[in-house]
Amino acid sequence: MREKELRRNLAVFPIGSVMKLTDLSARQIRYYEDQELITPLRNEGNRRMYSLNDMDRLLEIKDYLAEGHNIAAIKKIYAERKAKSQQTISEKDIRRALHKDILQQSRFASSIPSFGQHRP
């Protein structure tokens with residue numbers, strides 16, 4: 001994972017800071033966690049700690065609600081997004097594997113003499 005991604009995933013914000021930055025109540029934030037829309041980490045004292053990515057997600061949920069989506073619709077959006085990202089990764093892996101196979105076959109084919117030719 002790149003350094004920027006690591007920083008964005010680092011859970012360092014307590015719920016009070018998240019409330020101020022997102023203008024959401026603690027109850028709303030906990031509800032979104034109960035609905036499995038966010039999954040904050042917990043520190044040694046079992047306090048919720050949030051990352052920048054968690055805050056982005058909370059703000060996005062807030063925007064979806066303002067647009068008239070309900071929680072079920074938001075869950076569906078995130079499930080579709082997750083399925084698509086997993087599918088995209090799979091397609092990339094397949095392309096990579098095919099490319100590697102083609103390269104190996106072309107190397108193998110170039111080392112074998114063509115029909116009608118013989119090696120001295």
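**Figure 1. What lines the largest pocket, sorted by class.** Go through the lining of the largest pocket and you'll count four nonpolar, three polar and five charged residues. Keep in mind that this is a predicted model. The residues in question are Glu36, Leu37, Ile38, Thr39, Asn53, Asp54, Arg57, Tyr78, Ala79, Arg81, Lys82 and Ser85. Two elements, α4 (52-66) and α5 (71-111), each give two or more residues to this lining. Of the elements, α5 supplies the largest share, with five residues. The space inside the largest pocket comes to about 330 Å³. As background, rolling a probe the size of a water molecule over the atoms shows where empty space is left.

**Figure 2. A closer look at helix α4.** Here's one of the helices behind the pocket lining: α4 runs over residues 52-66. It is built from 15 residues, and the distance from its first C-alpha to its last is 21 Å, close to the 21 Å expected at 1.5 Å a residue. Which residues of α4 are buried? They are Asp54, Met55, Leu58, Ile61 and Tyr64. A handy thing to remember while looking: an α-helix has 3.6 residues a turn, so residues three or four places apart point the same way. Asp54 also turns up in the lining of the largest pocket.

**Figure 3. The two ends of α4.** At the start of the helix, look for serine 51: one of its side-chain oxygens comes to within 3.3 Å of the backbone nitrogen of asparagine 53. Asparagine 53 is also one of the residues lining the largest pocket. Now hop to the other end. Just after α4 sits glycine 68, with a positive phi of about 100°.

**Figure 4. The three-stranded sheet.** Three strands make up an open sheet, in the order β1-β3-β2, with antiparallel pairing. Because β1 (13-14) and β2 (41-42) are at the edges and have a single partner strand each, one side of each has no neighbour in the sheet. Zoom in on β1 and β3 (residues 48-50), and you'll find them running antiparallel, joined by two bridges. What stands opposite phenylalanine 13 in β3? That's tyrosine 50.

**Figure 5. Stepping back to the whole chain.** Reading from the N terminus, the elements go α-β-α-α-β-β-α-α. How much of the protein chain counts as buried? The figure is 19% of its 120 residues.

Definitions and conventions. Residues numbered from 1 in each chain as written. Predicted model: local features only at pLDDT ≥ 70, side-chain atom pairs only at ≥ 80, totals over all residues. Heavy atoms only, no water. 1 Å grid on protein atoms, 1.4 Å probe; cavity = no way out; pocket = protein on both sides within 12 Å on 5 of 7 lines; lining within 4 Å. Points joined across faces, edges and corners; volume = space filled by probe spheres on them. Helix = DSSP H or I, 4+ residues; strand = E, 2+ residues; numbered from the N terminus. Nonpolar A, V, L, I, M, F, W, Y, C, P; charged D, E, K, R; others polar. Expected span 1.5 Å × (residues − 1). Buried < 20%, exposed > 50% of the residue type's maximum accessible area, 1.4 Å probe, protein only. Polar contact = N/O pair within 3.5 Å; in protein donor to acceptor, adjacent residues only side chain to side chain. Pairing = 2+ DSSP bridges.
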